[in-house]
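Thanks for making the time this morning.

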Amino acid sequence: MNKTELISEIAGKSGLSKKDAEKALAAVVDAVTEAVCKGDKVQLVGFGSFELKCRDARKGRNPKTKEVIDIPATRVPVFKAGKAFKDAVAE
């Protein structure tokens with residue numbers, strides 16, 4: 001399912017127009033992105049949570065040349081599925 005299909009599904013299930021559904025989806029995505037960028041955790045009970053994790057700097061190896069390289073510390077977004085979502089997918 002791509003974004004356009006998701007917007008159509010939201011519009012169909014909520015009774016909103018496709019334009020309003022697109023605005024609502026964009027607002028949710030923007031709000032989650034802003035919160036996670038600030039370091040906040042966004043929890044949607046039954047669906048899952050979005051949060052920011054920090055990966056420490058480490059040594060890696062170039063598989064082609066076997067040369068040791070430095071991999072810098074990074075911040076990455078993480079999604080953890082909630083129990084209800086996991087159970088629905090497992091059925």
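Predicted model: local features only at pLDDT ≥ 70, side-chain atom pairs only at ≥ 80, totals over all residues.

Let me begin with helix 1, which covers residues 3–14, and whose 12 residues reach 16 Å from the first C-alpha to the last, close to the 16 Å expected at 1.5 Å a residue. At the N-terminal end of this helix sits a cap provided by Asn2, with a side-chain oxygen 3.1 Å from the backbone nitrogen of Thr4. Just after the helix, Gly15 takes a positive phi of about 85 degrees.

Now to the sheet, which is open and has three strands in the order 1-2-5, paired in the antiparallel sense. Strand 1 (42–44) and strand 5 (74–81) are at the edges with a single partner strand each, so one side of each has no neighbour in the sheet. From one strand to the next, the twist averages 25 degrees. Strand 2, residues 48–55, pairs with strand 1 over three bridges, and helix 2, residues 18–37, lies across strand 1, strand 2 and strand 5, running at about 35 degrees to strand 2.

Gln43 stands opposite Ser49, and beyond its neighbours within four places in sequence, the contacts of Ser49 include Val42, Val78 and Phe79.

That brings me to the salt bridges, of which a search of the whole structure finds three.

In helix 1, Glu9 and Lys13 are four residues apart, about one turn of the helix, and their closest N and O atoms are 3.8 Å apart. Glu9 is partly exposed at 37% relative accessible area, while Lys13, at 69%, counts as exposed.

Helix 3, residues 83–90, holds both Asp87 and Lys83, again four residues apart, and here the closest N and O atoms are 2.9 Å apart. Asp87 counts as partly exposed at 36% relative accessibility, and Lys83 as exposed at 63%.

The remaining salt bridge joins the side chains of Asp70 and Lys59, at 2.6 Å from N to O. Asp70 belongs to strand 4 (residues 68–71) and Lys59 to strand 3 (residues 58–61), so this pair ties together parts that are 11 residues apart in sequence. Both of these residues, Asp70 and Lys59, are exposed.

Terms used
Residues numbered from 1 in each chain as written. Heavy atoms only, no water. Helix = DSSP H or I, 4+ residues; strand = E, 2+ residues; numbered from the N terminus. Expected span 1.5 Å × (residues − 1). Polar contact = N/O pair within 3.5 Å; in protein donor to acceptor, adjacent residues only side chain to side chain. Pairing = 2+ DSSP bridges. Axes fitted to C-alpha atoms, helices over the stretch in contact; angles between N-to-C directions. Contact = heavy atoms within 4.5 Å. Salt bridge = Lys/Arg side-chain N within 4 Å of Asp/Glu carboxyl O. Buried < 20%, exposed > 50% of the residue type's maximum accessible area, 1.4 Å probe, protein only.
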